[in-house]
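Student: Could you walk me through this structure while I have it open on the screen?
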Amino acid sequence: MNDHGGTHGPGITLAAGPLLLRPWRAEDVPALLEAYDDPVMRQWVRLPVSTPEEAARWLESQDEGWRSGTRFSFAVIDTGRGGELVGNLALKRPDPDAGRAEVGYWTAARARGRGVASRALEALTAWAFTSFADEGLVRLELLHQVDNVASCRVAEKAGYAFAELLSALPPEFPLQGHLHVRRAPLTPEGTVIAQRAPSVSPVGSSESR
């Protein structure tokens, strides 16, 4: 599916307690459409997903992100609730040489209030700093509109400290925003301290069924 192997190839899953983070699949279309058919979700996302055709294009864009190594998008599955799809996490690295990347997430309506986003984000963060340490990743950024209070709580709970108030950029971003940052711990010599990474396994193993 792409040329990226090791701990950041397309065939991996991450575990965070009962939560399983794995690449998106074609069979996720119904759950994806259900997640986007929610007024709260549609308030914050920029690109709507309302039809099977739009869902297919969305999934293809996630696949392309894995192939190019610029976006690593995970479906979040709750194995303790019968494999329910409860969210999405993404690590965005449009410039792999920049030493920084952006994280993004959403939680399906029926799973809100269960700590899904913060637990999954912790797993993604540890994986990112561990997997891309040799490529110089030392800073992860999280952005949200200033009135997205729930997203702000998730950021703080996952250790992303508020760093800056961002100016509005209408029409795409009509209000100010928050920039949250989490930095990789460094040794006195400036090298990244190894993180306690989540368990990683190939897709298709017993953990992903």
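This is a predicted model: local features need pLDDT of at least 70, side-chain atom pairs count only at pLDDT 80 or more; totals for chains, interfaces and linings use all residues.

Student: How many of the residues of strand β4 are buried?
Tutor: Nine of the nine residues in β4 (residues 84–92) are buried, so the strand is largely enclosed by the rest of the structure. Buried means under 20% relative accessible area, exposed over 50% and partly exposed in between, with a 1.4 Å probe and protein chains only. Strands (E, at least two residues) and helices (H or I, at least four) are DSSP runs numbered from the N terminus.

Student: Which way do β3 and β4 run, parallel or antiparallel?
Tutor: Strand β3 (residues 71–78) and β4 run antiparallel and are joined by eight bridges, with Ser-73 partnered by Ala-90; two strands pair if DSSP finds at least two bridges between them. They form a hairpin with five residues between them, and Gly-82 in the turn has a positive phi of about 70 degrees.

Student: And how many bridges between β4 and β5?
Tutor: Six bridges pair β4 with strand β5 (residues 100–107), in the antiparallel sense, and Leu-89 has Tyr-105 as its bridge partner in β5.

Student: Switching topic, how many residues are in the largest nonpolar core?
Tutor: That core has 34 residues, and those with the most contacts inside it are Phe-74, Leu-91, Leu-121, Trp-127 and Leu-140. Here a nonpolar core is a set of buried Ala, Val, Leu, Ile, Met, Phe, Trp, Tyr and Cys residues joined through side-chain atoms within 4.5 Å.

Student: Which element gives the most to this core?
Tutor: α4 does, with nine residues. Apart from this core lies another, of 16 residues, including Leu-32 and Trp-106.

Student: What does Glu-84 form a salt bridge with?
Tutor: Its partner is Arg-114, the closest N and O atoms being 3.1 Å apart, where a salt bridge is a side-chain nitrogen of Lys or Arg within 4 Å of a carboxyl oxygen of Asp or Glu. Glu-84 lies in β4 and Arg-114 in the loop between β5 and α4, so the pair ties together parts that are 30 residues apart in sequence. Glu-84 counts as buried at 17% relative accessibility, whereas Arg-114 is partly exposed at 24%.

Methods:
Residues are numbered from 1 along each chain as its sequence is written. Side-chain values use heavy atoms; hydrogens and water are left out.
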